[in-house]
Amino acid sequence: MITAVIEDTDDKSMVAFTDGSCRGNPGPCGSGAFVLLPYGETVELKQPVSKHSSILVGELVAIKITLVLVTEEIKKRQIQKVKILSDSQSAVGILSLGWENNSHPHLCSEIRQLWRQVEETGCKIDLQWTPGHANIHGNDKADALAKEAAKEAEDMEAEEFDQPTSQTEIRAAASLATCDKWQRRWEISESGRTLFQYQPKVNRNKVNFDGLPHQRSILALQSGYCLKDYNYKVGLTDCPYCECGSRETVEHFYCECPLYTSAREKAKKEMFLLTGIPVFSEKPFLTIDENDPYKEWRRAINNELNDFIEATKRFGTRGPRKFLA
Ligand SMILES: [Zn+2]
């Protein structure tokens, strides 16, 4: 892949590898980018981001500082094409595939603004995903730079980080501070905990109910609700068996039942593309606590899971949610 990238480079194009790093997620966070300029010149960029950010922020800031460099380079020479290789599927999804993301509106809009600024000069930006830690030299460089930046972030005082300056940025920062307060209240509140599992981030404009019907199906299945083994145990049915003859447990439904093999194969493939997890296990679907290792892919995984549930036709057209009060 790297060979293809280099062959693709000429005297009017740039290639950048970007990476974010967090010492804990969230934790002290940094961004790095390794950039190949025309004529074999290289630039190393790194930036400590904050004392307490998620890895996604690090990945996004890495793309932002790369675009800032591109806007500077464009003033000096003609650049027709910039290829940015990020190892974050979320960052690529949000910025170039239109994935929904409500958590970093300010940062994303800054990036989009830079992006437009670059493309208005006629330079084309191509943001692509590249596998992390795959011995790709540029990627390893970016990774090392991001790690250094995260280490620096850990040692810095809060006021040393980039402060917003323009009126717009101050307004955005103020609004985010209000949002932070609201966020903390939402996190410690005792009510609305079911919704909280699916909507852990408050949204300044509105609470986002998108996808919630899916989430209810998933929630229903997480508890075994609507499956015969559960219904048998609570006395709703006198048969715990699936049509295939095995006990219809959550694990059976997701991972074993031969009736849903083709739906499962398709979901398996999609899941692997999204997360790199090679097995279709009930685990990614059943974990919704704070230590969710699949957090970054949660929305995508849930969409995948919903497609799987629909494809099995196990619950008719209205899905298992009809069983919920
Ligand atoms: Zn079965």
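This is a predicted model: local features need pLDDT of at least 70, side-chain atom pairs count only at pLDDT 80 or more; totals for chains, interfaces and linings use all residues.
Quick housekeeping: residues are numbered from 1 along each chain as its sequence is written. Local features need pLDDT of at least 70, side-chain atom pairs count only at pLDDT 80 or more, totals for chains, interfaces and linings use all residues, and side-chain values use heavy atoms, with hydrogens and water left out.

Okay, the zinc. Which residues coordinate the zinc ion? Cys242 (SG), Cys244 (SG), His252 (NE2) and Cys257 (SG) do, at 2.1 to 2.3 Å. Donors here are N, O and S atoms within 2.8 Å of the metal (3.2 Å for Na, K and Ca), and water is not among the atoms, so sites may look incomplete. The 4 donor atoms subtend angles of 97 to 119°, which makes the arrangement tetrahedral (four donors, all angles between 85 and 135 degrees). The ideal, by the way, is 109.5 degrees for four tetrahedral donors. Along the sequence, the donor spacing reads C-x1-C-x7-H-x4-C.

Now over to helix H2, residues 55–76. Helices are DSSP runs (H or I, at least four residues), numbered from the N terminus. H2 packs against helix H4 (residues 105–119) at about 25°, axes 9 Å apart; axes are lines fitted to C-alpha atoms over the stretch in contact, and angles run from 0 to 180 degrees between N-to-C directions. That makes H2 roughly parallel to H4, a label for angles under 35 degrees.

What about H3, residues 89–96? Its axis comes within 9 Å of H2's, and the two cross at roughly 55°.

Key: Four donors count as tetrahedral if all angles lie between 85 and 135 degrees; four count as square planar and six as octahedral if opposite donors are over 155 degrees apart and all others between 65 and 115; anything else is irregular. Angles under 35 degrees count as roughly parallel, over 145 as roughly antiparallel, 65 to 115 as roughly perpendicular and the rest as oblique.
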